[in-house]
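Please open the model in your viewer and keep the sequence panel beside it.

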Amino acid sequence: MALLALFVGVVGTLAFQWSDRSLHGPALGGTGSEDDVAAVLAAQPATSVLLDADSRVLRASPDAYPLGLVRGDRLSPVALELIERARGDGGTVATEIALARAQGPELVFDARATPLSRSRVLLLAQDRTAAKRLEEVRRDFVANVSHELKTPVGALSLLAETVHDAAGDPEAVRRFTARMTIEARRLADLVQEIIVLSRVQAPDVSLAVEDVELDQVIAEAVDRVAVDAREQGTEITIGGVSGLHVRGDRSLLTMAVRNLLDNALRYSPPAAPISVVTKAAHGSRATGGNPVGTVSIAVIDQGAGIHSADVARIFERFFRGDPARSRDTGGTGLGLSIVKHVAANHGGDVRVWSKVGRGSTFTLRLPESAVDPAPNTRGER
């Protein structure tokens with residue numbers, strides 16, 4: 001806002017000179033004042049609009065039109081209210097204005113209107129839509145984290161009191177301490193995933209980029225869920241194309257695949273098979289055999305499936321299509337959100353196909369790196 005106020009002063013002075021000279025002619029020896037005004041308006045970050053005494057637009061920065069602040073030679077009615085207030089008060093008026101759009105969220109601006117000579121008014125508007133959205137996301141994230149942390153912390157507190165009261169009953173103590181171990185593990189998982197999510201969704205995230213062989217990533221991810229898979233009687237098979245490589249952070253890519261496998265295990269019945277299939281996009285290989293396209297890692301389960309109304313929200317933080325089932329399986333609601341951000345940080349994406357009662361397929365797609373030799377097709381194992 002301080003920077004915006006400084007520009008109001010500078011631009012206001014030049015606009016005053018332009019306004020005065022446009023009516024009285026340039027001062028002796030003074031030329032190009034209108035060009036000076038245009039240059040200053042173009043150089044400053046805020047969107048600018050100069051209006052005449054009838055509130056018609058005399059000059060506007062190019063972005064004023066696509067943003068919806070100016071239509072033809074008229075200012076948006078929402079912004080026009082600010083202009084009239086500035087005229088009435090006889091001084092600078094600042095406020096936040098919001099412009100509705102036919103599609104997408106409304107646009108939010110920090111706007112300042114400054115009266116000039118000859119009843120002209122200068123409007124400067126700083127687009128804060130992205131910043132506003134970020135503030136809302138952070139606020140929601142803090143609220144969600146606070147809520148999610150209360151559950152295991154409250155459970156641990158209650159279980160500790162119960163164990164204390166049941167000190168004379170060894171069987172009850174064993175039962176409740178086992179439950180305390182589960183809640184403590186859930187709390188540790190939640191804290192760890194919050195830390196990871198905070199890292200991968202940061203705008204300046206730093207990746208330990210290297211050449212990564214997907215065979216190794218998948219093998220390590222499968223190994224990390226092997227204990228849970230054995231307890232559930234689930235066999236995880238690996239198939240598709242071997243020898244594929246990407247450029248990226250090995251640990252984050254392994255975590256993303258592991259989260260997809262963990263999600264498949266949580267929402268699959270005992271002994272239901274899970275498959276991991278790797279593919280290279282058709283025509284992704286140059287004449288010399290170097291990969292230049294996209295590779296995909298698909299995790300396929302035969303679990304409960306996802307309702308169509310929930311598919312669009314499945315990658316949101318803390319979203320659970322079936323909260324009761326998530327509590328039973330110990331999910332944090334952050335795993336798929338982490339996968340989405342890891343994919344985006346690597347220039348890729350993650351997609352889902354699902355049908356209730358038939359299972360789900362989550363596909364992580366990544367740019368392929370140029371390495372030799374060319375991959376081989378492998379059978380499932």
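Buried is used here for a relative accessible area under 20%, exposed for over 50%, and partly exposed for values in between, with a 1.4 Å probe and protein chains only. Helices (H or I, at least four residues) and strands (E, at least two) are DSSP runs, numbered from the N terminus. This is a predicted model, in which local features need pLDDT of at least 70 and side-chain atom pairs count only at pLDDT 80 or more, while totals for chains, interfaces and linings use all residues. Residues are numbered from 1 along each chain as its sequence is written, and side-chain values use heavy atoms, with hydrogens and water left out.

**The whole chain**

Begin with everything selected: the protein has eleven helices and 15 strands, and 43% of its 381 residues count as buried. With contact meaning heavy atoms within 4.5 Å, residues 24 or more positions apart account for 65% of the contacts with a separation of 6 or more.

**Colour by confidence**

Next, colour by pLDDT, the predictor's confidence in each residue, from 0 to 100. The mean for the protein is 78, and 75% of its residues reach 70 or more. Confidence is lowest in helix 1 (residues 2–24), at a mean of 44, and highest in strand 12 (residues 294–301), at 95. Over residues 1–31 the pLDDT is below 50, although this stretch has 47 contacts in the model beyond near neighbours in sequence. Residues 283–291 also have pLDDT below 50, with 24 contacts in the model beyond near neighbours in sequence. Where pLDDT is low, the predicted coordinates should not be read in detail.

**The nonpolar cores**

A nonpolar core is a set of buried Ala, Val, Leu, Ile, Met, Phe, Trp, Tyr and Cys residues joined through side-chain atoms within 4.5 Å. Select Ile236, Leu261 and Leu364, which have the most contacts inside the largest such core, a set of 45 residues. Helix 5 (170–200), helix 6, strand 9 (236–242), helix 8, strand 11, strand 12, helix 11 and strand 14 each supply at least two residues of this core, and its largest share, eight residues, comes from helix 8. Apart from it lies another core, of 22 residues, among them Leu67, Ala79, Val93 and Ala113.

Stay with Leu364, in strand 14 (residues 359–367), which is buried because its relative accessible area is 1%. Not counting residues up to four places away in sequence, Leu364 touches Ala256, Val257, Leu260, Val295, Ser296, Ile297, Val339, Ala343, Asp349 and Val350. The C-alpha atoms of Leu364 and Ala256 are 8.6 Å apart in space, while the two residues are 108 apart in sequence.

Now move to Lys340 in helix 11 (residues 335–345), which is partly exposed, with a relative accessible area of 35%. Leaving aside neighbours within four places in sequence, Lys340 is in contact with Phe315 and Val350; its C-alpha atom is separated by 6.0 Å from that of Val350, ten residues away along the chain.

Select strand 10 (residues 245–249), where four of the five residues are buried. Strand 8 (residues 209–213) runs antiparallel to strand 10 and is joined to it by five bridges; two strands pair if DSSP finds at least two bridges between them. Glu210 has Gly248 as its bridge partner in strand 10.

In helix 6 (residues 214–224), select the buried residues Leu214, Asp215, Val217, Ile218, Ala221 and Val222. They cover an arc of only 160° around the axis, so they are on the same side of helix 6; the arc is that of the directions from the helix axis to the C-beta atoms.

Which residues does Ser76 contact, leaving aside its neighbours within four places in sequence? Ser76, in the loop between strand 4 (74–75) and helix 3 (77–89), is in contact with Gly68, Leu69, Arg71 and Leu99, and it counts as buried at 4% relative accessibility.

Most residues other than glycine have a negative phi. Arg118, in the loop between strand 6 (107–115) and strand 7 (121–127), has a positive phi of about 55° although it is not a glycine, and counts as partly exposed at 44% relative accessibility. Finish at Ala271, in the loop between helix 8 (250–266) and strand 11 (274–280), where phi is positive at about 70°, again in a residue that is not a glycine.
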